[in-house]
Amino acid sequence: MADGLSVFLVEDEALIRMMIADMVEELGHHVVAEADNVRDASAFAMTAQYDFAILDINLMGVYVDPVADLIERRGKPFLFATGYGPELLPSLLRRRPILRKPISLDQLKTMIDSLFPEATAKVPQ
């Protein structure tokens, strides 16, 4: 994909959200919507135009699974970025890819490449 992928990013920690957004940009993609809470994330999940989403599991003490359900209903791919394990997710969401924090650029690239093998992400050499 010459223009990269569009990403919906859900993360409640501002510094971590900025770091992930920077990594997404460095890989040649772009963040089109960001949210730090379930209410805003739910609205964006249903209305924003994005190729895939990166979701933190715990947003200020509230689990993100309602947002994941909305994204799944739209048929959009998503992955979780978290310090938690999959045991906090409903069983139907446990099969989704999980990036463990702290996230590295290489890990993010590998995960995006597995979701979109045709994407041409650029990693600095």
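Me: Is Asp 56 buried or exposed?
Reply: This is a predicted model, in which local features need pLDDT of at least 70 and side-chain atom pairs count only at pLDDT 80 or more, while totals for chains, interfaces and linings use all residues. Residues are numbered from 1 along each chain as its sequence is written, and side-chain values use heavy atoms, with hydrogens and water left out. Relative accessible area under 20% is buried, over 50% exposed, and in between partly exposed (1.4 Å probe, protein chains only). Asp 56 has 4% relative accessibility, so the residue counts as buried.

Me: Which side chain makes a polar contact with the side chain of Asp 56?
Reply: Asp 56 sits in the loop between β3 (52–55) and β4 (58–59); strands (E, at least two residues) and helices (H or I, at least four) are DSSP runs numbered from the N terminus. Beyond its neighbours within four places in sequence, its contacts (heavy atoms within 4.5 Å) include Val 10, Asp 12 and Thr 82. A polar contact is a pair of N or O atoms within 3.5 Å; within protein, one must be able to donate a hydrogen and the other to accept it, and residues adjacent in sequence count only if both atoms are side-chain atoms. At 3.3 Å, the side-chain partner of Asp 56 is Lys 101.

Me: What is the strand order of the open sheet of five strands?
Reply: Two strands pair if DSSP finds at least two bridges between them. β1 and β3 pair in the parallel sense over four bridges, and five bridges join β1 (residues 6–10) to β2, also in parallel. The open sheet has parallel pairing and the order β2-β1-β3-β6-β7.

Me: Which are the edge strands?
Reply: An edge strand here pairs on one side only. That holds for β2 (30–35) and β7 (98–100).

Me: How many of the five residues of β1 are buried?
Reply: In a regular strand the side chains alternate between the two faces of the sheet. In β1, Ser 6, Phe 8 and Val 10 lie on one side and Val 7 and Leu 9 on the other, with both faces covered. The strand is largely enclosed by the rest of the structure, because the buried count is five of the five.

Me: Which residue of β2 is the bridge partner of Val 10?
Reply: On the β3 side, Phe 8 of β1 stands opposite Ala 53. Towards β2, Leu 9 has Glu 34 as its bridge partner. For Val 10, the partner in β2 is Ala 35.
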